[in-house]
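Have the sequence and the 3D view open as you read.

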Amino acid sequence: MAVVYAVGVGPGDPELLTRKAERILKSVDVICAPTGAAEAGSYALSIVEPFLDRSRQEVLVQLFPMVKDQKGLDPFWEEAADQVAERIAQGKDVAFITIGDPFLYSTYLYIHRIFLAKYPEIRIEIVPGISSILAASAVSGVPLGLAAEKIAILPAAYEDAELKRTLEEFDTVILMKVSRVFDRVYALLKELGRERQGVFVRRVGSQEEEVYFDLEALVGQKLDYLSMLIVKKGAL
């Protein structure tokens, strides 16, 4: 029976794909690539393009609106799942590609729950990928955890009280998709006297990659959606 592979393609550098991911991407019949807007390209697809053979493989770009409130978006996930199921029924193997890892804040998870509920007969294989968190830690030289240190990962939707409590309780705090709330987060770090304990990384693994330790310089700037902030107790 044909298989759906949920393939993590890493943060942006094609060389950070696993050997297994590369093998699967070269062998499947269909590549499903998510995009956040109809007129935009797929970042995940741009990463894996060197490994594809468009003369043989179908590349199916699917719309997954990237909005904070996910209510009312089920029709998008349903349509995407139906498109995949149709190709599976034709005996075609499908790779759904996603930035980073499929099971960590990924676009794939929206469609995964529909596969389980609506198409339980479909065989699914998860292919882990290198998370942008790990890549950002490596490129910035900031270790995430040592010995008994505690690590917290927060998505963009965090309130000041929750963030303050997390910063106090954990040794390392990773704030995902921080661009829209950066000024508020920086103000809180400054209030806590920790404005020099963070590193901001954008587009890690890509040609546009940038690393900033001077967080104050970013206040009031329009920041990249694909960015994160790592805050570490002690000197960086």
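## Two loop residues with positive phi

Lysine 177 sits in the loop between strand 7 (172-176) and helix 7 (182-191). (Helices, H or I with at least four residues, and strands, E with at least two, are DSSP runs numbered from the N terminus.) Its phi is near 45 degrees, a positive value in a residue other than glycine. Lysine 177 is partly exposed, with a relative accessible area of 33%; buried means under 20% relative accessible area, exposed over 50%, and partly exposed in between, using a 1.4 Å probe and protein chains only.

Alanine 147 also isn't a glycine, and it has a positive phi of about 55 degrees. You'll find alanine 147 in the loop between helix 5 (132-140) and strand 6 (151-154). Its relative accessible area is 82%, so alanine 147 is exposed.

## What you're looking at

This is a predicted model, where local features need pLDDT of at least 70 and side-chain atom pairs count only at pLDDT 80 or more, while totals for chains, interfaces and linings use all residues. Residues are numbered from 1 along each chain as its sequence is written, and side-chain values use heavy atoms, with hydrogens and water left out.

The protein chain splits into domain 1 (4-127) and domain 2 (132-232), with bounds that come from an automatic or database domain assignment. Taken over C-alpha atoms, the centres of domain 1 and domain 2 are 28 Å apart. Contact here means heavy atoms within 4.5 Å, and eight residues of domain 1 are in contact with 16 residues of domain 2.

Between them, domain 1 and domain 2 bury about 890 Å², 67% of it on carbon and sulfur atoms. (Buried area is the accessible area, with a 1.4 Å probe, that two parts lose on being put together, summed over both.) How many salt bridges cross the interface of domain 1 and domain 2? The rule finds zero, a salt bridge being a side-chain nitrogen of Lys or Arg within 4 Å of a carboxyl oxygen of Asp or Glu.

## Alanine 135 in helix 5

Alanine 135 is part of helix 5. With 10% relative accessibility, alanine 135 counts as buried. Leaving aside neighbours within four places in sequence, alanine 135 is in contact with Pro11 and Val204. The C-alpha atoms of alanine 135 and aspartate 13 are separated by 9.8 Å, although the two are 122 residues apart along the chain.

## Salt bridges

Side chains of opposite charge can pair when their charged atoms come close. The whole structure has 12 salt bridges. One of them joins arginine 54 and glutamate 49 (2.8 Å, N to O). Arginine 54 is partly exposed at 49% relative accessible area, and glutamate 49 is partly exposed at 30%.

Aspartate 160 and arginine 184 also meet in a salt bridge (2.5 Å, N to O). Aspartate 160 lies in helix 6 (residues 160-169) and arginine 184 in helix 7, so this pair ties together parts that are 24 residues apart in sequence. Then there's arginine 203 with aspartate 224 (3.0 Å, N to O). That pair links distant parts of the chain, 21 residues apart: arginine 203 is in the loop between strand 8 (198-202) and strand 9 (210-212), and aspartate 224 is in the loop between strand 9 and strand 10 (227-232). Arginine 203 counts as partly exposed at 22% relative accessibility, whereas aspartate 224 counts as buried at 14%. Salt bridges with shared partners join Arg202, Arg203, Glu210 and Asp224 into one network.
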